[in-house]
Number of protein chains: 2
Amino acid sequence: MSEQELGITESKEYATGDWYAEVVQKAGLADYAPMGGFIVTKPRGYALWEALQDNLDGWFKDTGVDNAYFPMFIPESFLEREKDIVEGFDPEVAWVTQGGHEELEERLAVRPTSESIIAPFMADWVRSHRDLPLRLNQWCSVVRWEATETKPFFRTKEFLWQEGHTAHASEDGAWDETMLRLDQYERLFEDVLAIPVMRGRKPPHDKFPGAHTTTTVEALMPDGKSVQSATSHYLGTSFAEAFDITYTDEDEDEAVAHTTSWGLSWRALGALIMTHSDEQGLVVPPTVAPTQVAIVPIWQEDTKDEVLEYAEGIAEELEDAGISVDLDDRDERNPGFKFNEHELNGVPVRFEIGPNEVEDEEITVVHRPDGESIVEDREEIAETVEDHFDDVYDKLYEAAEENLEENVREADSAEEILGTIGQHRGYVKAPWCGDEACETAIKEKIAAEIVMCPLDRDVEPESDECAICGDEAHEVAYFAKSY
Amino acid sequence: MSEQELGITESKEYATGDWYAEVVQKAGLADYAPMGGFIVTKPRGYALWEALQDNLDGWFKDTGVDNAYFPMFIPESFLEREKDIVEGFDPEVAWVTQGGHEELEERLAVRPTSESIIAPFMADWVRSHRDLPLRLNQWCSVVRWEATETKPFFRTKEFLWQEGHTAHASEDGAWDETMLRLDQYERLFEDVLAIPVMRGRKPPHDKFPGAHTTTTVEALMPDGKSVQSATSHYLGTSFAEAFDITYTDEDEDEAVAHTTSWGLSWRALGALIMTHSDEQGLVVPPTVAPTQVAIVPIWQEDTKDEVLEYAEGIAEELEDAGISVDLDDRDERNPGFKFNEHELNGVPVRFEIGPNEVEDEEITVVHRPDGESIVEDREEIAETVEDHFDDVYDKLYEAAEENLEENVREADSAEEILGTIGQHRGYVKAPWCGDEACETAIKEKIAAEIVMCPLDRDVEPESDECAICGDEAHEVAYFAKSY
């Protein structure tokens, strides 16, 4: 890449979509595949996914979840069993119809989600109350054949995700599970990705097909659109009834299990990239950055040896402390180019080291994204740098939090909902009767929808009249445009 | 499972295939999926795969490999470019022909291996010698539509694997890479899975299509059949030429890269399970065991509290030391049942704790698979148990090594090859002219093939005449039946 190619040319504020696509490509996160709707996840993008996986997978295992792996193909007849649960079920999936040179007798769907292949095995594995709870998870890719414009990590026909599937003896057990996973998703966003989120329920008409309740964590993007960042479903007994997940209880009676499913996809990466990045390129917190510190030595011919030796000692000390560091000692690039390149690639902390730093036994520490520059003692740098990681994290979180806090507004009429979203984007809270038609009335005019309702059903709307139809309001709806 | 169902009913020696299938199912490693050729990998089986992944992935990353993720579908026209390299290329793959309700214009293959989708991106990403070496790896599943009987982990239409793909400026660089990955595979088998392996080259007619050289690690199973456990290919410049992986060298001249690819699949799990297990069930070394220690407390009503308290203290101490432990305090099962169940499930070390152990501040430590029982001091048990892990590992490795050493024989005529394999199975070394027809002559009579030749081409055959045709012998061939 030449020096002038390093910057991002599109505006984050005025052309968010184009800016996002440019960051993804120039920072080496993903490329477009030759087939529309598919992307290639490049090493830097995949490393972000691995960092996210490491955190979430550890929490899952600490709370009783076992990983497993189910086939990527699902026979059509299995998928069709969901018709018992969901009226008008008609999946948009990729179909395998040929194997080798033969036509298959039955089409195989490339999994769009795995309830219909996992549930029959859960039915087989669960016999007694002693087999419950049963908690399974798989990390895999799924395919949904939707004809939309490709947007890396946000909209792709194939995407990476995890899907958890659990069975419980009681409704309470399944509800606790649903909320535990929602808590863990929230924790991932707030404590690892530096993104504040809102927790809520999807309105009944937007639940996962067959679910009793779909809970969600929603993140607000800088352009004022909401991202459904992960969902956790309490499925009630509907899947258990359709797939015979029953067990013998402590009184030797036959009982139907309560099940849940919960998933987080690489949309979380999309939210991460879009929330923090800027017009110099990728910005991510040190918690997930593939390279946490870039050391850029600045030398003249006569100072090169001492500067490099000093820099190498620092790099080694950081590495020994488990910090991921890139000592950028390339001869063919000048420091300015290196600064720009590490900024493009989202390295959160830069060390600048020249002859002055060597002489004073110091290090100039520079934060991404705000460029704040602090001189630190060389001594105990592996400890000091952790404070800088925390500072950078806090800066990113606070900026995102400010965006969220400024962009939750209230409205009590259709006109006000439309006007507020039209002018500001963001979330608009309004009293709602619960009828889908009232959402449709808004959606038809401005492409905003009800992204969530508060989890606590006791949250009383400000007014007792639905903002749209004027009938009795039963709850609060959050309207927003969404990804 | 009832007590009588815990044992394995098939004989390892006389019905190895049935015995293997029974171990896989009863030890909870995998189940058969409803579609022939597919399996469901259950938590205990998947945990073994994760343990193997953790080791290998760490070594890959330490040696310059980046993980990435490429689409699971490959357009037919991309796959066909391999026809430039491989005559008669006609892949047995699963074809996606429909997306949603539409017929696709071009069929998409579910990846059987990813050279044809990765190579075009490598061509795009490699511009200058500074971009080399480029080392990519992905962990994913692949599909090969072969109509054979399903054998979990050994023969399935979909299987999990990793595939590494690298590009280098020089032939030497690519050769070093090929051998480095072969070394890492060997290390995995010998230092983690407790399986001695032999390294070799595949004969020319059995190379990966388009490869210059295919290297392999082969493991000998207890029934005398060889398992090709991982392969590492030096691809020469053939793929780089077909896919335009070229770069500007230090003199600004255009040059063609040398590429490699290398892969290990869940056959490694098959080899692991088959090598060590016995007629009590699964046996695996402590290096990969999902549960390393099962603690079985043995109490009467009046000793229950003290025994349990003592056992809990031990469990906690092991856990704090990072050891995976299962304190089996189930009321509804007796100690004998628990012993059998943990043996079935492949727990390598069992602690038996009764009132005597509590009184003497001791622990009775029992090894799987040989049942050796040793009384140890309670004090510093978290350290002592590591010695037992080493002992169990050594026992497993030595048994496998003995099997291998006893089963490499020599022959210098076709009759002797046939007779030796017929009588003993195992490997038979014979001088070979290099002609595929000589292998065919053996294969037709006894279904044994040349599984490898020594890596070092300077290994001289014992005789200068091919054991089969009598022409000049150029190398040593290892004949064996294989999985």
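**A chat about chains A and B**

Author: Chain A has 13 helices and 23 strands, where helices (H or I, at least four residues) and strands (E, at least two) are DSSP runs, numbered from the N terminus. This is a predicted model, in which local features need pLDDT of at least 70, side-chain atom pairs count only at pLDDT 80 or more, and totals for chains, interfaces and linings use all residues. Residues are numbered from 1 along each chain as its sequence is written, chains are lettered from A and ligands numbered from 1 in the order in which they are written, and side-chain values use heavy atoms, with hydrogens and water left out.

Reader: How does the radius of gyration of chain A sit against the globule rule?

Author: Chain A has a radius of gyration of 25 Å, close to the 23 Å that the globule rule gives for 483 residues, so it is as compact as a globular protein of that length; the radius is taken over C-alpha atoms, and the rule is 2.2 Å times the number of residues to the power 0.38.

Reader: And what share of chain A is buried?

Author: Buried residues make up 58% of the 483 residues in chain A, with buried meaning under 20% relative accessible area, exposed over 50%, and partly exposed in between (1.4 Å probe, protein chains only).

Reader: Switching to chain B, where is Lys151(B), and which side chain of opposite charge is nearest to it?

Author: Lys151(B) is in the loop between β7 (134–143) and β8 (158–168) of chain B. Lys151(B) is buried yet has no salt bridge, and the nearest side chain of opposite charge, Asp223(B), is 6.8 Å away; a salt bridge is a side-chain nitrogen of Lys or Arg within 4 Å of a carboxyl oxygen of Asp or Glu.

Reader: What is Lys151(B) in contact with, then?

Author: Leaving aside neighbours within four places in sequence, Lys151(B) is in contact (heavy atoms within 4.5 Å) with Gly17(B), Tyr20(B), Thr156(B), Met274(B) and Tyr483(B).

Reader: Which residues of helix α12 in chain B are buried, and what covers them?

Author: In α12 (residues 414–424) of chain B, the buried residues include Ala414(B), Ile417(B), Leu418(B), Thr420(B) and Ile421(B). Their cover includes β20 (408–410), β21 (427–432), α13 (436–446) and β23 (475–480) of chain B. Just after α12(B), Arg425(B) takes a positive phi of about 55°.

Reader: How many salt bridges does the structure hold over all chains?

Author: Over all chains, the structure holds 48 salt bridges. One of them joins the side chains of Arg378(A) and Glu317(A) at 2.9 Å, N to O. That pair links distant parts of the chain, with Arg378(A) in the loop between β19 (373–377) and α11 (381–406) of chain A and Glu317(A) in helix α8 (residues 304–320) of chain A, 61 residues apart.

Reader: Are those two buried or partly exposed?

Author: Arg378(A) is buried, with a relative accessible area of 16%, whereas Glu317(A) counts as partly exposed at 27% relative accessibility.

Reader: What about Glu76(B) and Arg107(B)?

Author: The side chains of Glu76(B) and Arg107(B) also meet in a salt bridge, at 2.7 Å, N to O. Glu76(B) lies in helix α3 (residues 76–80) of chain B and Arg107(B) in strand β6 (residues 102–110) of chain B, so the pair ties together parts that are 31 residues apart in sequence. Arg107(B) is partly exposed, with a relative accessible area of 26%.

Reader: Which residues of chain A do salt bridges join into one network?

Author: Salt bridges that share partners join Asp328(A), Arg330(A), Lys338(A) and Glu341(A) into one network.

Terms used: Lys, Arg positive; Asp, Glu negative; His and termini not counted.
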